[in-house]
Amino acid sequence: KYSFQPAGSASGVSWGFKDFAQRSTLIGALQQGALIIDVQMRQTHPADSPHFVPENPLSKIILQRFMDEESADVVFEVVGAETNSTTTFFAHRFILEGCAPTLFDLCCISGADLTPILITDVKPDIFRHLLYYAYGGTVSDADLEANAKDIIDAADKYEVVGLKLKAEASFVTSTITIDNVVDSLLFADSKNCALLKEVVMDFVVENGVEVYEKVSFDDVPGHLIKDVLSAMQRKGAGKEGKKGDKYTAMK
């Protein structure tokens, strides 16, 4: 006999007997020239066996409609500022309505026909990231890191909130320096990026002396100067805070 224990059982191994029968024995067991092997199997732990549960295919189906010209009911033409070339993107109104409201509003203005809608304020590759994310796609970490500010700007403009937050989270991991601290602060404030703004404020507080000596705040609006003072007050209160702290000084 040839016995075995299937992989995935309690012991986690498979085994059997090598050379368990002579050739002459097997030839004698042939039935009309065929060797019939009877295999008996049983499940050792029915309760522990995995069960296949299919996933909801909707997200994959929607993503498959990305850039699908045949089913599209809206067309965008994005002009590249550097090359002055035009890239065409096909999309669907019902997806834009829920995932990119400002782009959907442009569709409403253009009417129900397929007259191309011109986009001149976003680079074609950034617009592709924007549209792909709206269809449920994922923008790679490398692309987020390399194009964080452009993606934040486009996502903020066309209300793709989730992508904006992902790009902001990627941007704050980049190095904030004395040379770019003011630009980063102004950018965070203009795009309403609370996390980035907080990271910049922490940098200013932790490097107060160097910032004071090397950075000019002449072009920084007054409300941001107030935020800087608030951040400095938090540091003065200590990590554990002190009795009587003002809620207005909280992050």
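Let's start in a loop: Asn192 sits between helices H9 and H10. (Helices here are DSSP runs of H or I with at least four residues, strands are runs of E with at least two, and both are numbered from the N terminus.) The phi of Asn192 is near 55°, a positive value in a residue other than glycine. Most residues other than glycine have a negative phi, and most peptide bonds are trans. Asn192 is also exposed, with a relative accessible area of 64%. As for the wording, buried means under 20% relative accessible area, exposed means over 50%, and partly exposed is in between, with a 1.4 Å probe and protein chains only.

Before going further, keep in mind that this is a predicted model, where local features need pLDDT of at least 70, side-chain atom pairs count only at pLDDT 80 or more, and totals for chains, interfaces and linings use all residues. Residues are numbered from 1 along each chain as its sequence is written, and side-chain values use heavy atoms, with hydrogens and water left out.

Now the overall picture. The protein has 12 helices and three strands. Of its 251 residues, 30% count as buried. Take the contacts (heavy atoms within 4.5 Å) between residues at least 6 apart in sequence: 54% of them join residues at least 24 apart. The accessible surface comes to about 17100 Å², and 54% of that belongs to carbon and sulfur atoms. Those areas come from the Shrake-Rupley method with a 1.4 Å probe; for residues, only the protein chains shown count as cover.

Next, have a look at helix H8, residues 161-171. Its buried residues are Leu163, Lys164, Ala167, Glu168, Ser170 and Phe171. They cover an arc of only 160° around the axis, which puts them on the same side of H8; the arc is that of the directions from the helix axis to the C-beta atoms. What covers them includes H5 (124-134), H6 (141-146), H7 (148-157), H9 (181-190) and H10 (194-206).

H7 has its own buried set: Ala148, Ile151, Ile152, Ala154 and Ala155. These pack against H5, H6, H8 and H9. Just after H7, Glu159 takes a positive phi of about 60°.

In one of them, Asp150 pairs with Lys123, the closest N and O atoms being 3.2 Å apart. Asp150 lies in H7 and Lys123 in the loop between strand E3 (117-119) and H5, so the pair ties together parts that are 27 residues apart in sequence. Asp150 is partly exposed at 33% relative accessible area, and Lys123 is partly exposed at 41%.

Another salt bridge joins Asp227 to Lys197, with the closest N and O atoms 2.7 Å apart. This pair links distant parts of the chain, 30 residues apart: Asp227 is in helix H12 (residues 222-237) and Lys197 is in H10. Asp227 is partly exposed, at 25% relative accessible area.

Then there's Glu210 with Lys214, whose closest N and O atoms are 3.2 Å apart. Being four residues apart in helix H11 (residues 208-214), Glu210 and Lys214 are separated by about one helical turn. Glu210 counts as partly exposed at 33% relative accessibility, whereas Lys214 counts as exposed at 56%. Elsewhere, salt bridges that share partners join Asp121, Asp153, Lys157 and Lys191 into one network.

On to the strands. E1 (residues 74-79) and E2 (residues 86-91) run antiparallel and are joined by six bridges; two strands pair if DSSP finds at least two bridges between them. Glu77, for example, has Thr88 in E2 as its bridge partner. The two strands form a hairpin with six residues between them, and Asn84 in the turn has a positive phi of about 60°. Met67, in the loop between H2 and E1, also has a positive phi of about 60° although it is not a glycine. Met67 is partly exposed, with a relative accessible area of 25%.

Finally, the surface. Leu26, Ile27, Leu30, Leu35, Ile37, Val39 and Met41 form a nonpolar patch with about 660 Å² of accessible area together. Patches are made of residues with over 30% relative accessible area and no salt bridge; like charges are joined within 9 Å, and nonpolar side chains (Val, Leu, Ile, Met, Phe, Trp, Tyr) within 5 Å. Leu30 lies in the loop between helix H1 (23-28) and helix H2 (58-64), and is partly exposed at 36% relative accessible area.

Methods:
Salt bridge = Lys/Arg side-chain N within 4 Å of Asp/Glu carboxyl O.
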